[in-house]
Amino acid sequence: MHVAEHDRHLPVVPCELPDGVQLVYADDRDRRQVVALEDAAAVDFGRTRPFRKPPAYRGQRNFPGWWWSATTRSHVVYESWLQRHHIIEADRDVRVTGIAGQPFELAWPEGKNRVRHVPDLFCRIFDGGGVVTDCRPVSRANDGFRHKSAVTAAACSMIGWDFRVVGEPDPVWAANLRWLAGYRHPRFGDEHLEATLLELFACPQSLGDVAGQAGDPIRVRPALFHLLWRGRLSGDLSRPLGETTVLTVCADPLEAA
């Protein structure tokens, strides 16, 4: 996984890993478990619980919730709509095999204080690797956050995971992904209809032209959007998705990864 070209994001300034860094996670019974960094790669975060669950209260400015993931067939916790967007990005990425929100806490001593940081997302990749993500609007990335991100990056490097900080997505791109995410569930798949659509889109054509040729629009369009979600069809999603959007067949995304 890479930082999407549609996102505004911050570079992470490298730093040395402090002494005494601990990784703490909540197991499937919600018990806190401490693990050495060198052993963290073996933790199956698909079977753990969120280290913390975002509170919900009247007047709060963020919007927490749970996203049903087509990748994991389970719900992933998020603290904000920005985090939800990046869960959607991961959920659509065929290379991702697991997604966990608020996956663990890193803690380390600094002077008389103990610094703690809970990253926003952990994604398991098909080759066994991991990607840890912090989501933060560029305008809210203060020095304290930058320092925690630098230490988190150093810890992830020791474990063998990638680390990234992601920001606000392009609004058109984000709106298109939210629309396609409405068709992420496997129930929108139709093997026979999908074969027809892939044949019709072998040469680039507009969405509206092919949708009118393939059959009943009530059946065709959900299957078409499902193929777009899965990456079997591609088009310019940096522009509003509509009847004139030109689509074409994609190579198998996993083979192209």
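In the predicted model, L193, E194, L197 and L198 of helix α4 meet R219, V220, A223, L224, H226, L227 and R230 of α6 (contact: heavy atoms within 4.5 Å; helices: DSSP runs of H or I, at least four residues, numbered from the N terminus). By class, this contact comprises 7 nonpolar, 1 polar and 3 charged residues. Helix α4 spans residues 191-200 and packs against α6 at an angle of about 70°, with the axes 10 Å apart (axes are lines fitted to C-alpha atoms over the stretch in contact; angles run from 0 to 180 degrees between N-to-C directions). The two helices, α4 and α6, are therefore roughly perpendicular (65 to 115 degrees).

H226 lies in α6. H226 is buried, at 5% relative accessible area (buried: under 20%, 1.4 Å probe, protein chains only). Beyond neighbours within four places in sequence, H226 contacts Y183, R184, H185, P186, F188, G189 and E194.

The largest nonpolar core holds 37 residues, and L197 and L224 have the most contacts inside it (core: buried Ala, Val, Leu, Ile, Met, Phe, Trp, Tyr and Cys joined through side-chain atoms within 4.5 Å). Helix α6, residues 217-230, gives the most to this core, with 7 residues. Another core lies apart from it, with 25 residues, including V21, F45, W108 and V132. With neighbours within four places in sequence left aside, L224 touches L197, F201, L207, A211, L233 and L247.

Residues are numbered from 1 along each chain as its sequence is written, and side-chain values use heavy atoms, without hydrogens and water. Local features need pLDDT of at least 70 and side-chain atom pairs count only at pLDDT 80 or more, while totals for chains, interfaces and linings use all residues.

Methods
Buried < 20%, exposed > 50% of the residue type's maximum accessible area, 1.4 Å probe, protein only. Parallel < 35°, antiparallel > 145°, perpendicular 65-115°, else oblique. Nonpolar A, V, L, I, M, F, W, Y, C, P; charged D, E, K, R; others polar.
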